[in-house]
Amino acid sequence: MKRFWRDMGVLAALALVSAPVMGHEPHISVAGASAGETEGTASQSSSTITIQTFQFKPAKLEVKAGTQVTWINQDDIRHTVTSGALEKKDGRFDAPLVGKGKSFSFTFSQPGTYSYFCERHEHMRGEIQVR
Ligand SMILES: [Cu+2]
């Protein structure tokens, strides 16, 4: 029994050490966590999408309601983060990101599926699922 708990301690320490290198996406999902819980872990209140080589990465992102999503342009040209679809902008947001390092943030407070695209490059499309 003693040995068991010591091993558990080692595992916990490993988990703590490796956590920061896992990036912004939480790898540990708590099964059965219900909506309406109090302020969750800080790692889930913001999320980042990188714009790189004419792609939104990740193109599909799932977040909790109330999450602030930030898009960061890593290309040396102008992209836009425009809400809706090319044929039908919905005006929720429309941000030009002119050049590398430019960013734009939007907080999704209502559950739903939100599409967005880049006005300059038709194939650049993304989707945010808000739970
Ligand atoms: Cu673009």
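What you have open is a predicted model, in which local features need pLDDT of at least 70 and side-chain atom pairs count only at pLDDT 80 or more, while totals for chains, interfaces and linings use all residues. To find things by number, count residues from 1 along each chain as its sequence is written.

**Stop 1: the loop**

Stay on F54, which sits in the loop between β1 and β2. Its phi is near 60°, a positive value in a residue other than glycine. Now pick T53, found in the loop between β1 and β2 as well. Here phi is near 45°, again positive in a non-glycine residue. Is T53 buried or exposed? It counts as exposed, because it has 8 C-beta neighbours inside 10 Å.

**Stop 2: zoom out**

Colour by secondary structure. The chain holds one helix and nine strands, and its elements run α-β-β-β-β-β-β-β-β-β from the N terminus on. Helices (H or I, at least four residues) and strands (E, at least two) are DSSP runs, numbered from the N terminus. Of the 131 residues, 18% count as buried. As for contacts (C-beta atoms, placed from the backbone, within 7 Å), take those between residues at least 6 apart in sequence: 48% of them join residues at least 24 apart.

**Stop 3: the four-stranded sheet**

Select β1, β2, β4 and β7. They form an open sheet in the order β2-β1-β4-β7, with mixed pairing. Two strands count as paired if DSSP finds at least two bridges between them. β2 (55-57) and β7 (103-108) are the edge strands, each with a single partner, so one side of each has no neighbour in the sheet. Neighbouring strands are turned by 20° against each other on average, direction ignored; the axes behind this are lines fitted to C-alpha atoms (for helices, over the stretch in contact), and angles run from 0 to 180 degrees between N-to-C directions.

Now show β1 (residues 46-52) with β2: the two run antiparallel and are joined by three bridges. Which residue of β2 is the bridge partner of T50? It is K57. P58 lies in the loop between β2 and β3.

**Stop 4: the five-stranded sheet**

Next, select β3, β5, β6, β8 and β9. This open sheet has the order β3-β9-β8-β5-β6, and its pairing is mixed. At the edges stand β3 (60-63) and β6; each has a single partner strand, so one side of each is left without a neighbour in the sheet. From one strand to the next, the twist averages 20°.

Focus on β5 (residues 78-85) and β6 (residues 88-98), an antiparallel pair with seven bridges. They make a hairpin with two residues between them. Click G84, and you'll find K89 as its bridge partner in β6.

Finally, turn to β8 (residues 112-118), which pairs with β5 in the antiparallel sense over two bridges. Select T82 and look across: F117 in β8 stands opposite.

Methods:
A residue is buried if 20 or more other C-beta atoms lie within 10 Å of its own, exposed if 12 or fewer, and partly exposed in between; C-beta atoms are placed from the backbone. Two residues are in contact if their C-beta atoms, placed from the backbone, lie within 7 Å.
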